Amino acid sequence: MSCRRVGAAGLAAALACAALTGCMPWEDEPEQKKIGAAAGRQGGKTDQSAVRKEKAARAAKVKANELGQIPVLMYHRVVDKPTAPDDRTPEQFRKELERLAVEGYVPITAAEYVRGRIGVPPGKHPVVLTFDDASPEQLTLDGTGTPMPNTAVAILQEVARKHPGFRPVATFYVTRDLFGKTTPEEQTQMLTWLRENGFDIGNHTYGHRNLLGKPKKEAMAEIAKGHELITKLTGTDPVTLALPYGNQPSTKSWALKGRAGNVSYDYGGVFRAGYTPGPSPFSKDFDPVNLPRIRSMDKIKKDDCARFCSTAWLDWLKANPSERYTSDGDVATVAYAKFKAPFMASGFTPYALPY
């Protein structure tokens, strides 16, 4: 049984795959560390109750909480001289990544998040880094295929080299303005580089149009056109969609699943623009059509960011560690303190590891 083809909606299937085969759901994908590859197996004969007790003890030791909240951070341009509220300077971006690394966060992609493929080491916390609009400041390659200095990708790789275990991965939500490239060959080159280096590519619609109030046919056509662009350039369907301006169409489900002409899409998650950490994919609060993201920005007095931007939320999660997602290091289980059991979605009962 291969773990490679777990579908976007197959969170439980991903756990079952790991439990049955001992492999991780991403076993054949590059640069992705396998955690606990022999989960539940000890030689030829296994006392399952003893194994489960041992796993629970390990989870308790690191205070695992796989029903906790996960920060999904939203970035736009990384530029020396910001001209828009969502811009970050290279220094600000680097500082935030350094903080995440020091506080025990490990980046995962949006696709891994919505699929429940959260394979981070025990005691660590997942974080999802997302970039909207595919600007050259996020990724520009030199003649050797190396990210240019002070682009977002170059800084992420730099911080990852400094902090082993801090995965240099993120999700790029792209539109037709693909990193400033205009020819199909150049666009393919950019998206291929991202995929080959472990990054995730999501849909941000084709023309970055506000879907609020648009008729069903028009809204689906805009999503499908962006979906088709990515599929043609990469040969792979995107797993998630980020809504332009964070605005949902009149009927939320149009963003999750639809069809326009001969192009259909069926996403594992649809992301908005703020303001809270995201729920665990194993909790009852997980709503794939309405997933929040956090704007990357410092606290400013008398401003919404004093409560709702990345610095404020990271401060809150640090002050309330029992509220954030903490991994037990085993993707074949969903570990949590027993009193949190009412918050777990019933579909994951077979994989529950209360302690």
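Buried, in this talk, means under 20% relative accessible area, exposed means over 50%, and partly exposed is in between, using a 1.4 Å probe and protein chains only. Helices (H or I, at least four residues) and strands (E, at least two) are DSSP runs, numbered from the N terminus.

The model is predicted, so local features need pLDDT of at least 70 and side-chain atom pairs count only at pLDDT 80 or more, while totals for chains, interfaces and linings use all residues. Residues are numbered from 1 along each chain as its sequence is written, and side-chain values use heavy atoms, with hydrogens and water left out.

First, the whole chain. It holds ten helices and twelve strands. Of its 355 residues, 54% are buried. Contact means heavy atoms within 4.5 Å. Among the contacts with a separation of 6 or more, 66% are between residues 24 or more positions apart.

Now to helix 5, residues 152–162. Is it mostly covered or mostly open? Helix 5 is mostly covered, with eight of its eleven residues buried. These are Ala152, Val153, Ala154, Ile155, Leu156, Gln157, Val159 and Ala160. What do they pack against? Their partners are helix 3 (90–102), strand 3, strand 4 and helix 6.

Next, the strands around that helix. Strand 3 (residues 125–132) runs parallel to strand 4, and three bridges join them. Two strands pair if DSSP finds at least two bridges between them. Asp132 is opposite Tyr173 of strand 4. Strand 3, helix 5 and strand 4 form a β-α-β unit that is right-handed. Right-handed means that, with the strands pointing away from the viewer, the path from the first strand over the helix to the second runs clockwise. From strand 4 the chain crosses through helix 6 (residues 184–196) to strand 5, again as a right-handed β-α-β crossover. Strand 4 and strand 5 (residues 200–203) are parallel and joined by four bridges. Here Tyr173 is opposite Gly202.

In a regular strand the side chains alternate between the two faces of the sheet. Which residues of strand 4 (residues 171–174) are on each side? Thr171 and Tyr173 are on one, Phe172 and Val174 are on the other, and all are buried, which leaves both faces covered.

One is Ala134, with a positive phi of about 55 degrees although it is not a glycine. Ala134 counts as buried because its relative accessibility is 1%. The other is Asn150, also not a glycine, with a positive phi of about 70 degrees. Asn150 has 36% relative accessibility, so it counts as partly exposed.

Last, a pocket. A grid of 1 Å is laid over the protein atoms alone, and a pocket is an open set of points where a 1.4 Å probe fits, with protein on both sides within 12 Å along at least five of seven lines; lining residues have an atom within 4 Å of a point. The second largest pocket has a volume of about 260 Å³, where volume is the space filled by probe spheres set on the points, and points are joined across faces, edges and corners. Sixteen residues line this pocket, and the closest to its centre are Leu67, Gly68, Asp285, Glu323 and Phe343. The lining has five nonpolar, seven polar and four charged residues. Ala, Val, Leu, Ile, Met, Phe, Trp, Tyr, Cys and Pro count as nonpolar, Asp, Glu, Lys and Arg as charged, and the others, Gly among them, as polar.
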